[in-house]
Amino acid sequence: MEKKNTKPAKLKIRKGDLVKVIAGDSKGSQGKVVEVIIDKNRAVVEGANMVSKHTKPNAANPNGGIVKQEAAIHISNLALVEPSTGKTTRVGRKLNDAGKLVRVSKKSGEEIK
């Protein structure tokens, strides 16, 4: 059986976006997207989904110990926060005047930078 050449789905959340967590333990928290893991449909959000990681002593951390850090959250548990209103919105895609495909807020119809 041959493997199909399937592209990962086009994600509507990008690095640098302000998002709100809408499900899970961190529900309600807002933060900036630090990293997007496309093949796993996950994103790392600043200050959300904090986990304790046990680290061995190393040059950066000579004592080792327990370090709190952000873990990845599934994209479906995040909602984009519209910069103008501060409320969450869904994201659509539309051709702009220059003929470029851009992300658009479903609530206001404004282009998302």
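In strand 3, Val 44 is the bridge partner of Glu 35. Strands here are DSSP runs of E with at least two residues, numbered from the N terminus. This is a predicted model: local features need pLDDT of at least 70, side-chain atom pairs count only at pLDDT 80 or more, and totals for chains, interfaces and linings use all residues. Residues are numbered from 1 along each chain as its sequence is written, and side-chain values use heavy atoms, with hydrogens and water left out.

**The sheet**

Strand 2 (residues 30-37) and strand 3 (residues 42-45) run antiparallel, joined by 4 bridges. Two strands count as paired if DSSP finds at least two bridges between them. Strands 2 and 3 form a hairpin, with 4 residues between them. In that turn, Asn 41 has a positive phi of about 55°.

Strand 3 has another partner. It pairs with strand 6 (residues 72-74) in the antiparallel sense, over 3 bridges. There, Arg 42 stands opposite His 74 of strand 6.

UniProt lists residues 12-39 as "domain: KOW", in an unreviewed entry. UniProt positions follow the numbering used here, feature names are shortened, and annotations may be inferred rather than shown by experiment. In the model, the span 12-39 is 0% helix and 43% strand. Its end C-alpha atoms lie 14 Å apart.

**The core**

Nonpolar side chains tend to be buried together in soluble globular proteins. A nonpolar core is a set of buried Ala, Val, Leu, Ile, Met, Phe, Trp, Tyr and Cys residues joined through side-chain atoms within 4.5 Å. Here the largest one has 14 residues. Those with the most contacts inside it are Ile 13, Val 19, Val 45, Ile 73 and Leu 78. Strand 1 (18-21), strand 3 and strand 7 (78-81) each supply at least two residues of this core.

Leu 78 shows how these parts meet. Contact means heavy atoms within 4.5 Å. Leaving aside neighbours within four places in sequence, Leu 78 is in contact with Ile 13, Val 19, Lys 20, Val 21, Ile 22, Ala 43, Val 45 and Ile 73.

Ala 48 lies in the loop between strand 3 and strand 4 (50-55). Its C-alpha atom is separated by 9.0 Å from that of Gln 69, 21 residues apart along the chain. Not counting residues up to four places away in sequence, Ala 48 touches Val 21, Ser 26, Ser 29, Glu 70, Ala 71 and Ile 73.

| Residue | Relative accessible area | Class |
|---|---|---|
| Ala 48 | 0% | buried |
| Arg 103 | 5% | buried |
| Asp 17 | 7% | buried |

**The salt bridge**

Side chains of opposite charge can pair when their charged atoms come close. A salt bridge is a side-chain nitrogen of Lys or Arg within 4 Å of a carboxyl oxygen of Asp or Glu. How many salt bridges does the structure hold? It holds 1. The side chains of Arg 103 and Asp 17 form it, at 2.7 Å from N to O. Arg 103 lies in strand 10 (residues 101-105) and Asp 17 in the segment before strand 1, so the pair ties together parts that are 86 residues apart in sequence.

Each partner also reaches a backbone atom. A polar atom of the Asp 17 side chain lies 2.8 Å from the backbone nitrogen of Arg 14. A polar atom of the Arg 103 side chain lies 3.0 Å from the backbone oxygen of Lys 12.

The surroundings come next. Apart from neighbours within four places in sequence, Asp 17 is in contact with Lys 12, Gly 31, Lys 32, Val 33, Leu 80 and Arg 103. On the same terms, contacts of Arg 103 include Lys 12, Ile 13, Arg 14, Val 91, Gly 92 and Glu 110.

Conventions: Buried < 20%, exposed > 50% of the residue type's maximum accessible area, 1.4 Å probe, protein only. Polar contact = N/O pair within 3.5 Å; in protein donor to acceptor, adjacent residues only side chain to side chain.
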